[in-house]
Amino acid sequence: MCRKDLFFVCSVWMLFAMSAVAAEPMKALIIDGQNNHDWKQTTPILKKLLEETGLFTVDVITSPPKGAEMSRFAPKFTDYDVVVSNYNGAPWSEATKRALVEYVSQGGGLVIYHAADNAFPKWEEYNEMIAIGGWGGRNEKSGPYLVWRDGKAVLDTSPGKGGGHGPRRDFLITIRNADHPITRGLPPAFMHYSDELYSWLRGPAKNVTILATSFSDKKYRGSGEHEPMLMAIRLGKGRVFHTALGHSGPQCQSVAFIATFQRGTEWAATGNVTQKVPKDFPGPDAPVLRK
Ligand code: ZN
């Protein structure tokens, strides 16, 4: 083969190879703008974590600030494969609420990140999408507590507050469903870094799969229950990944948070997880931080 022919064959082959690997990235939208948490710190971290998977391009939409008119806040959910909520603030317009419910029930993906499960205590379909939530006046009228007892998920209708946590500490996360795309291949138990262990969450708790729990020890002002930390929820054709983890910047350096957030977001977008478990994923003894 002469040099010219070889060049031609190589070029064609390279073009073919490039088109085979370079699949279109998916589109993710992070919503922020109001939160009792430092969303200005965490949104750029979440954005970077999704971008570094190579699977997503990420847009951010920031709502008007607290107290401002909300009626024109209308993200175009249907432009995205997955929507990540870092929002815990004023109610949205009826039209925007309806648009999110429709987007998810028609097959869209939603990720509920940490304090996003504090949001919208009165919005019925939102509470169905998150399964359980806390604070905002939630109580037995919001639905049962969802906990893990004797090897299974239990709905506890006892009266009482919705939402609480003790002081921040490292805690162990235990997988309760190892045969889900998000958890498949993860070690059965692994340590997370210095976070709030969300407890006493309650809500409709329908169509929810508990993926992983942590023990909320009374010794640390906890509930004495194994509390859901990672959940997968179905609404119509859509998928919701709910992570109770990731209070602020340092917690988002914990590989237990990072990898489960990245995997959960991919699952919410597609129903599948193609990411490998990272080599630095923690085991049960100590958390691992990526700085
Ligand atoms: Zn928090």
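View 1. Along the sequence, the donor residues of the zinc ion follow the spacing H-x76-H-x81-E-x50-H, and the coordinates shown here, as in every view below, belong to a predicted model. The protein donors are His37 through NE2, His114 through NE2, Glu196 through OE and His247 through ND1, and they lie 2.0 to 2.1 Å from the zinc ion. The angles among the four donor atoms run from 90 to 154°, and the site is classed as irregular; for a tetrahedral assignment, all angles would have to lie between 85 and 135 degrees. As a point of reference, the ideal angle for four tetrahedral donors at a metal is 109.5 degrees. His37 counts as buried because its relative accessibility is 12%, and His247 is likewise buried, with a relative accessible area of 14%.

**View 2. The hairpin of strand 5 and strand 6.** Strand 5, residues 145-149, and strand 6, residues 152-156, run antiparallel and are joined by five bridges. Arg149 has Lys152 in strand 6 as its bridge partner. Two residues stand between the strands of this hairpin, in which Asp150 takes a positive phi near 50°.

View 3. In soluble globular proteins, nonpolar side chains tend to be buried together. When residues up to four places away in sequence are not counted, Tyr126 touches Ser85, Ile112, Ala116, Ala119 and Phe120.

**View 4. Surroundings of Pro64.** Pro64 is placed in the loop between strand 2 (56-62) and strand 3 (82-85), and with a relative accessibility of 23% this proline counts as partly exposed. Leaving aside residues up to four places away in sequence, Pro64 touches Gly33, Gln34, Glu69, Met70 and Phe73. Tyr103, by comparison, is 39 residues from Pro64 in sequence and 22 Å from Pro64 in space, taken from C-alpha to C-alpha.

**View 5. A salt bridge within helix 2.** Ten salt bridges are found in a search of the whole structure, and one of them is considered here. The side chains of Lys47 and Glu51 meet in a salt bridge with an N to O distance of 2.8 Å. Because Lys47 and Glu51 are four residues apart in helix 2, about one helical turn separates them. Both ends of the pair are classed as partly exposed, Lys47 at 27% relative accessibility and Glu51 at 33%. Side chains of opposite charge can pair when their charged atoms come close.

**View 6. A network of salt bridges involving Lys48, Glu52, Asp280 and Arg290.** The residues Lys48, Glu52, Asp280 and Arg290 are linked in a network of salt bridges. Glu52 is partly exposed at 42% relative accessibility, whereas Lys48, at 52%, counts as exposed. Asp280 forms a salt bridge with Arg290, in which the closest N and O atoms are 2.7 Å apart. Asp280 and Arg290 both belong to the segment after helix 5, where they are ten residues apart. Asp280 is partly exposed, with a relative accessible area of 28%, and Arg290, at 28% relative accessibility, also counts as partly exposed.

View 7. His180 has its place in the loop between strand 7 (169-175) and strand 8 (189-195). This histidine counts as buried because its relative accessibility is 10%, the limit for the buried class being under 20%. With residues up to four places away in sequence not counted, His180 touches Leu211, Ala232 and Trp267.

Terms used: Residues numbered from 1 in each chain as written. Predicted model: local features only at pLDDT ≥ 70, side-chain atom pairs only at ≥ 80, totals over all residues. Heavy atoms only, no water. Donors = N, O, S within 2.8 Å, 3.2 Å for Na, K, Ca; no water. Tetrahedral: all angles 85-135°; square planar, octahedral: opposite > 155°, others 65-115°. Buried < 20%, exposed > 50% of the residue type's maximum accessible area, 1.4 Å probe, protein only. Pairing = 2+ DSSP bridges. Contact = heavy atoms within 4.5 Å. Salt bridge = Lys/Arg side-chain N within 4 Å of Asp/Glu carboxyl O.
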